[in-house]
Amino acid sequence: MFNEQRGKMMKCILVIIVTSLICLLSSTSVVAFISCDSSSRQKQQTQQWTRHDTNQSVDVRELQFNLINLIQIDDDRSKQKIKLQSLVSLLEAAISATNRMKEEAVVVEDNNVNNLHLSEKLVPYRRFICTSSDQNDHRGNFRIFNSNEESSLHNTPSSIPLNTICSIEEDKPFQFLLDNTAYQSDASLEKRGGMMYDYSEVVVWCGNYSNNDNRLEYISKVLDDMPILQLELGRQRNGSREDCSKICIDLETIASLESLGIIMEETEMLERDDTVMCKLKHEDLDIIEAVLSSTQHQTNELEEETIIKLIDMAVDSIRKDPLNQRKQPQLVLVAESITATRVAGYISTWKQNQLDRHQLTTQRVENLLNQALVVVTFGNIYQSFPTGPAYIHVSMLDDPWSSTLGTTAKNCGDDNDAVFFHGLSPFVYNHDEWTNQSTLKSHNAHNTLACTIQFLALIMRINGIQSFRALYDAAKWIDPLIQLDINPKHFAVNYGKKGDLVIPPRIDDELLPAMIKATEAEKWFWMDIDFEPCLLEQHEATSHLEESFGYNAYSELCDSFSFSR
């Protein structure tokens, strides 16, 4: 009996051992399966992001924007809010991608600052000068032009912050800027004054022109070698071959922008995950930044700080010396196209700060702005410029961007003190051909260097104007003694009059094409369309310019723009 009980006990023990082994094996299999599945999913996700990181063209979607819908303010506040939120997400993704690229890039020690040809007053402050090869590191700074004009195009970009300038020269900072950081050609230094400038103003061109071209130098020559400063505003290329950034953005943002008509819809989505890799052109990114800057949603702090400080300095100068007995140059801000939108946003911020912090009345703030600041825009595409500054808006009537999105004489908003100069460009377009709304460079009437700068130069030259403030005052002048019972516009002798300015009726079809020909503006044309039929022959251009400005006017202009100079 004892043996039977012992046998039963042994069987029970064996059953328990076998059961335990089976459970243990089952548990191990489950864990192994879960671990394998998790590892597989992690590997799949890693491969997916690796595919993103390799930036294969088959996985990257190129964002195509409808710029009219992007720039235009939506009347529906809820849609406008969604639009701004989506644009902020795009911008943050682009900034993250840029920062990641900078971290991965190899940092090379930069000693180019020792090779700069600086003015004597800037030499002691050489260490404060930025010489980064990345143009975006110079934003909010004043560009330094090499004193050696022949080698200026081959130098590393260099700039200096406004705070450094103010620490060097506290008494007359504008005069110091004009003397030490403005572009001045050899002709500017020889003449010490010209038909279009008298050194009474410090002209600050707000833009992202780089050292790789001579666009600012060209503008200076068109304006009779006017000294011009450049304030680095806006986003530039990173120096890569591709003029775009590759960002990872969530599909909800893409869907929101597609529903608002801001980006073109695609028939097939390239990704079915929560995010998609996209190409974002730097031109579009600059426009997005400007749109957000104008609404104070996202601004570049250095740019905003510099503009606000410049306005503070100009207003303080007017307050302390209303008659300008100290001969301090007056501030003029010049901007074109989308950059004018940035400038308008920064001026709005300054104005709001004065109203909130200093408890000044709106009328007082606007009067100070009007006396202290002149703003010149070329082909602006913004309709909410803050009232106050002395605005001079120059654009072409056949410019589809400015006429649709910009502030013009027909759409001036609440600012009745602005001055408008409109003309017709010589570029004839078939309206059906102008269907590309994905780039601002789709119409040469919007091209500052090939059209509008020549138009303004003609107006100033014809009337003997030597400053932008004088141009503004002359355009706003009203003869208090004139008393007519018929509107002057009905008299042929007054045709083209604007205030005290004379604008010839043949400026559009004769003088402007001749000026474009004489200043060799063809090299700045955007489109590949053949514009030869729109422009004048050399003998016709010579005839028109010499009739207005005297003998050798055409040849003198051609000589100043020759490459040998």
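Let me begin with a rule: two strands pair if DSSP finds at least two bridges between them. The strands themselves, like the helices, are DSSP runs numbered from the N terminus, with at least two residues (E) for a strand and at least four (H or I) for a helix. What you are looking at is a predicted model, in which local features need pLDDT of at least 70 and side-chain atom pairs count only at pLDDT 80 or more, while totals for chains, interfaces and linings use all residues. Residues are numbered from 1 along each chain as its sequence is written, and side-chain values use heavy atoms, with hydrogens and water left out.

With that rule in hand, we can turn to strand 10, residues 390-396, which is joined to strand 11, residues 419-423, by five bridges, the two running parallel. In that pairing I392 stands opposite V419. Strand 10 also pairs in the parallel sense with strand 9, residues 373-378, over five bridges, and there F378 lies opposite V394.

Is strand 10 buried or exposed? Buried means under 20% relative accessible area and exposed over 50%, with partly exposed in between, using a 1.4 Å probe and protein chains only. Seven of the seven residues of strand 10 are buried, so the strand is largely enclosed by the rest of the structure. In a regular strand the side chains alternate between the two faces of the sheet. Here A390, I392, V394 and M396 lie on one side and Y391, H393 and S395 on the other, and all are buried.

Strand 4, residues 201-207, is also mostly covered, with seven of its seven residues buried. On one side it is joined by six bridges to strand 8, residues 330-336, in a parallel arrangement, where E201 has Q330 as its bridge partner. Four bridges join strand 4 to strand 5, residues 229-232, again running parallel, and W205 stands opposite Q230 there.

If we leave aside neighbours within four places in sequence, S337 is in contact, meaning heavy atoms within 4.5 Å, with residues including F378, G379 and H446.

Finally, a pair of helices. Helix 17, residues 538-549, and helix 18, residues 553-560, pack at an angle of about 110°, with their axes 7 Å apart; axes are lines fitted to C-alpha atoms, for helices over the stretch in contact, and angles run from 0 to 180 degrees between N-to-C directions. That makes helix 17 roughly perpendicular to helix 18, given that angles of 65 to 115 degrees count as roughly perpendicular, under 35 as roughly parallel, over 145 as roughly antiparallel and the rest as oblique. Among the residues that meet are L545 and F549 in helix 17 and Y554 and L557 in helix 18.
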